[in-house]
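Here is a short tour to read with the model open beside you.

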Amino acid sequence: MNPNYRQSLQTANQLLRSGRGADCARLCQQLLQQMPGEANALQLLALGQQQAGDFEAAEDSFRAALHAAPKIPQPLLAYAAFLRQRERFVEAQETLLEALKLAPELVDVSNALARLHYQQEHWPQAMRYVLKAADLAPAAPPLWELAAAIAQKQNDVPHALELCRRGLKHNPEAPRLQYSLAQLLRQECDFAESAEAYERARQLGFEQPDLYRNRAEALLDSGDIEAAVVCANAGVERFPEHPLLQQTAAQMSYSSGAKRDHLEKLRLAVRERPSNPALWQTLIELMKRLGEEEGVEQVLLESLRLGCPATPNMQVLAALDLAQRGQEAQALEQLQRLSDESPDSSYVSHNFAMQLLCATEAERAEELSGRWLKTAPYDQTMLAYRGTALQLLGDPRESELVDYARMVMPVEVPAPPEFSTRAEYFAELTQILEGLHHSNAQPIEQSVRGGTQTNGFLFRLKEPLLLGLEQQLQLAIAGAVQEMPTDADHPFWGRNTRPKVASDLRMSGAWSVRLRDQGYHANHIHPEGWVSSALYISLPDEVQQGQGTQGHIQFGRPMKELGLDLEPRRTVKPVVGTLVLFPSYMWHGTLPFHSDQPRITVAFDLLPGAR
């Protein structure tokens, strides 16, 4: 091969790497006129045609490359990757097995077979080939990362951890593998060790926003709220443009209970990066949650002055601010225009429906929510708004959508057989849950007022009593779900799959809330659930023995932001050991209470099981 030809191949390869597949293909065609049938040029030609989207021509070129070099594995690997991209998995596997015969010790072949089986969720086969590849190249971190991911897919986290540690023995300076170890340790609830592993990954060069966010969460779960705040703040100093990390830092700061400006770093970030609308939106939404509505107008004006794009979401926030300042008609006009321009935007439609209800334009709110629900029938937020609109209209369809008598379902949760009484069982649960409330204040984004909420999915913790509680809940819920009606046309009853096995019930979230004196839940819904719940673990004497409604759960009273003076449609007195189930789209909240004793609950959202 002459030097000019070799240089031209290098140029073609550079074109391919820079995304200029069509230019790469043209250069290769010119080269093939000089040296017809040259295998390297044919393979680059095929890859260029594939990148350019000319798949028929690419296949012909791949086959020509295979014919030109039948004893070399690289063309087989390239063709198999093409077949895999085209989801022709059987042919891809056959091609890779041919390559394996030619080069059984070539790492790339076993790696490709592992990834092919991974894509098809053939976990045992994928594991076999990736471990073969790792034996051939034990210092290659991506192979151990893939092996750990396969073990995780098989729900074998201990094996995944073992594989990460084996890989780190061969290459202790591998940052991504160290991060994978941290993620797995956190999944196993080894929070302190996972925080150390995240820090090690950072020191090795894995600088990503998610690392800071996940490490801060691990530190919080380990009980070190101050270290969590420090970590999150370090993250936003490193990645000030990242909205989710900014939100995490603000939430951590607020949950610490410290008296400071929890949005200080976010305010600085929007001014340094004024063209980032997601940052401005995060700032404004957090200001509203923290009761800083009066400052929103100035922030909106500043965003425009500094050149923030007027995205639909930013225009929604501007319209809501108009309404907040009494310019209701102008706000609705702007939201109507945005709804017409962005009919598929849930952010626009949800806020428009909310503002229509604020203005008591129930007919328009019902029309908007009804239209939206035709394409998103299980949108819990819009179902709640539609129920309120129907109530304001006096429409009898409200009682079909929100049946407070039938849909609010108290269920007794029995104690496991090893406990002599339910009182003993729930007393022990109280002690466990008390130790899990690491924050000093309520979370910004939740409905809790005057209390704390646990972090993360409650039943991921390895505490035996909590795992037993999950099983007791599944049994209680399964019985209740079996008794619920089914109605294919109803957004609540129609999702009841009546699972035969309790473990088929899927929880999309689970947490504990601890309310102190004068604490309560603001009225709200759960936008990601189907069935929501409250299980009463410990109650103040004043709530259990009192004659009034303090500490009770109420249903049917909309959130305060709607400004509607509607009375609750049903109120339920809490009882220790009783689980109350209800639709996730049903407005619910709790009434304040006065006591030196806390009110402790466990709550979760349920999703329908597989049909």
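F82 is buried, with a relative accessible area of 1%; buried means under 20% relative accessible area, exposed over 50%, and partly exposed in between, with a 1.4 Å probe and protein chains only. F55 is partly exposed, at a relative accessible area of 27%. Before going on, please note that this is a predicted model, in which local features need pLDDT of at least 70 and side-chain atom pairs count only at pLDDT 80 or more, while totals for chains, interfaces and linings use all residues. Residues are numbered from 1 along each chain as its sequence is written, and side-chain values use heavy atoms, with hydrogens and water left out.

How many aromatic pairs are there? The count is 16, where rings of Phe, Tyr and Trp (its six-membered ring) pair if their centres lie within 6.5 Å; planes under 30 degrees apart count as stacked, over 60 as edge-to-face and the rest as tilted. One of them joins F55 and F82 in a tilted arrangement, 6.5 Å centre to centre with 45 degrees between the planes. This pair links distant parts of the chain, 27 residues apart: F55 belongs to helix 4 (residues 55-68) and F82 to helix 5 (residues 73-85). Helices (H or I, at least four residues) and strands (E, at least two) are DSSP runs, numbered from the N terminus.

A charge sits over a ring if NZ of Lys or CZ of Arg is within 6 Å of the ring centre and within 35 degrees of the ring normal. Elsewhere, the charged end of R495 sits over the ring of Y378, 4.4 Å from its centre.

Helix 9 (residues 141-153) holds I150, which counts as buried at 0% relative accessibility. Its C-alpha atom is separated by 9.3 Å from that of H122, and I150 and H122 are 28 residues apart along the chain.

## Two open sheets

Strands of a sheet pair through backbone hydrogen bonds, either parallel or antiparallel. Here, two strands pair if DSSP finds at least two bridges between them. Six strands make an open sheet with antiparallel pairing, in the order 1-7-4-9-3-2. Which strands stand at its edges? They are strand 1 (409-412) and strand 2 (448-453), each pairing on one side only. From one strand to the next, the twist averages 30 degrees; axes are lines fitted to C-alpha atoms, for helices over the stretch in contact, and angles run from 0 to 180 degrees between N-to-C directions. Strand 2 pairs with strand 3 in the antiparallel sense over five bridges, and R449 stands opposite Y520 in strand 3.

Another open sheet has three strands in the order 6-5-8, again with antiparallel pairing. Strand 6 (570-572) and strand 8 (588-590) are at the edges with a single partner strand each, so one side of each has no neighbour in the sheet. The twist in this sheet averages 25 degrees from one strand to the next. Strand 5 (residues 553-555) pairs with strand 6 in the antiparallel sense over three bridges, and I553 stands opposite V572 in strand 6.

## Cavities and a pocket

Rolling a probe the size of a water molecule over the atoms shows where empty space is left. On a 1 Å grid over the protein atoms alone, a cavity is a set of points where a 1.4 Å probe fits but cannot get out, and a pocket is an open set with protein on both sides within 12 Å along at least five of seven lines; lining residues have an atom within 4 Å of a point. A volume is the space filled by probe spheres set on the grid points, which are joined across faces, edges and corners. Residues lining the largest cavity include L383, Q391, Y404 and W587, and helix 23 (residues 380-393) gives the largest share of this lining, five residues.

The second largest pocket has a volume of about 310 Å³. Of its 15 lining residues, L383, R386, L401, D489 and P491 lie nearest its centre. Helix 22 (362-375), helix 23 and helix 24 (397-401) each supply at least two residues of the lining, and helix 22 gives the most, with four.
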